[in-house]
Amino acid sequence: MDQLRAIRYFSKVVETGSFTKAAKVFDVPPSSLSRRVSDLEKSLGATLLKRSTRLVKLTEVGQVYYNDVQHILNQLEQSKETVRSYQTTPMGRLRISAMVGFGEKILLPLLDDFSALYPQIVLDVSLSDELSTLGRDDVDIAIRGGYAPNERVIAKRLMDNSFIPVASPHYLEVHGVPNHALELREHKGLYFKTPLGMTPWLCLMDDQWHDVSGPVVAVSNNGPWLAKKACAGDGILMSTRWALAEYLESGALQELKFEHPLAITQNSEMAVYLLYSHCTTKEL
């Protein structure tokens, strides 16, 4: 016997005062509903209802049982609403890992708006340029620059992540403006360091890749420090356009353009990716 269904039938009979009316609510035959309530009484070993041709009334023990099950049914309904609310209202903890520079300049300001839209989500944000694995690092989503990984994760391309060469007007005035990529070998270089090592200056000419890196002045994984040195005229820097945007807009740095564009890798799919696992998709 489905006891919960029988309890619901019994409760509705009490509320409506009729087996027929209760049966209409559940869209079942009155005989079927009556049989379920009778089975419930047999399982309890007590008569819950006094039946007559006109009225259905509670017995004394039936009143006690009705009061008890009403509390249970109300609790079940509240639990159902809680689950429905959980499914329709985003809530819980969202663990995000992102690159330091991207996190500070782009992600964190966006998360302020995100929190305003979804106040019941607790944001757990870690900024790091170290290589990460979703499962190992216990994060829900990761934002990384490079190219789509071979891991068993979903990778959504967010934006371009190609590097561009820049220098300050003062540096170019003192050292001259390089007109050809190969001339960069004679210029001072400020180099960004990734977890895989220092990023070279590469150029594709006549279907061949050439390393046009100049003498090293400084190497760091701290983009703002390198940009500061570039603004001071210490050398030429290659970094992402999104990281250099404020310096380019203010004129503190200017982009160097060549017939053959520069890159830091021979892979043409450089981008910023949002990474998450298949199980995270279900949870979100």
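Which residue forms a salt bridge with arginine 5, and how far apart are the closest N and O atoms? The partner of arginine 5 is aspartate 2, and their closest N and O atoms are 3.8 Å apart.

## About the model

This is a predicted model, in which local features need pLDDT of at least 70 and side-chain atom pairs count only at pLDDT 80 or more, while totals for chains, interfaces and linings use all residues. Residues are numbered from 1 along each chain as its sequence is written, and side-chain values use heavy atoms, with hydrogens and water left out.

## Salt bridges

A salt bridge here is a side-chain nitrogen of Lys or Arg within 4 Å of a carboxyl oxygen of Asp or Glu, and the structure holds nine of them. In the pair that opened this report, arginine 5 has 39% relative accessibility and counts as partly exposed, and aspartate 2, at 35%, also counts as partly exposed. On this scale, buried means under 20% relative accessible area, exposed means over 50%, and partly exposed lies in between (1.4 Å probe, protein chains only).

Glutamate 15 and lysine 12 form another salt bridge, with 3.0 Å from N to O. Both residues belong to helix H1 (residues 3-16), where they are three residues apart, about one turn of the helix; helices (H or I, at least four residues) and strands (E, at least two) are DSSP runs, numbered from the N terminus. Glutamate 15 is partly exposed at 45% relative accessible area, and lysine 12 is partly exposed at 23%.

## Helix H8 and its surroundings

Helix H8 covers residues 223-231, and within it Leu226, Ala227, Lys229 and Ala230 are buried. Seen down the helix axis, these buried residues fall within an arc of 160 degrees, so they line one face of H8; the arc is that of the directions from the helix axis to the C-beta atoms. They pack against strand S8 (189-194), strand S12 (216-220), strand S13 (236-240) and helix H9 (241-250), where contact means heavy atoms within 4.5 Å. At the start of the helix, a side-chain oxygen of asparagine 222 comes to within 2.8 Å of the backbone nitrogen of tryptophan 225, and after the helix comes glycine 233, whose phi is positive, near 85 degrees.

Lysine 229, which counts as buried at 19% relative accessibility, meets aspartate 234 in a salt bridge of 3.0 Å, N to O, and aspartate 234 is partly exposed at 26%. Alanine 230 counts as buried at 0% relative accessibility, and, leaving out residues up to four places away in sequence, alanine 230 touches Ser168, Leu190, Gly235, Leu237 and Leu253.

## Nonpolar cores

A nonpolar core is a set of buried Ala, Val, Leu, Ile, Met, Phe, Trp, Tyr and Cys residues joined through side-chain atoms within 4.5 Å. The largest such core has 30 residues, and those with the most contacts inside it are Leu184, Trp201, Ile236, Leu237, Leu244 and Leu262. Strand S7 (163-167), helix H7 (169-175), S8, S10, H8, S13 and H9 each give two or more residues to this core, and S7 gives the most, with four residues. Apart from this core lies another, of 18 residues, among them Tyr9, Val56, Tyr66 and Val69.

In soluble globular proteins, nonpolar side chains tend to be buried together.

## An open sheet

Strands S11, S10 and S15 form an open sheet in the order S11-S10-S15, with antiparallel pairing; two strands pair if DSSP finds at least two bridges between them. The edge strands, each pairing on one side only, are S11 (208-211) and S15 (262-263). Strand S10 (residues 202-205) pairs with S15 over two bridges, and cysteine 203 has leucine 262 in S15 as its bridge partner.

## Serine 97 in strand S3

Serine 97 is located in strand S3 (residues 92-98) and is buried, with a relative accessible area of 7%. Its side chain makes a polar contact of 2.8 Å with the side chain of arginine 144; a polar contact is a pair of N or O atoms within 3.5 Å, where, within protein, one must be able to donate a hydrogen and the other to accept it, and residues adjacent in sequence count only if both atoms are side-chain atoms. Leaving aside neighbours within four places in sequence, serine 97 is in contact with Ser126, Val139, Ile141, Ala142, Ile143 and Arg144.
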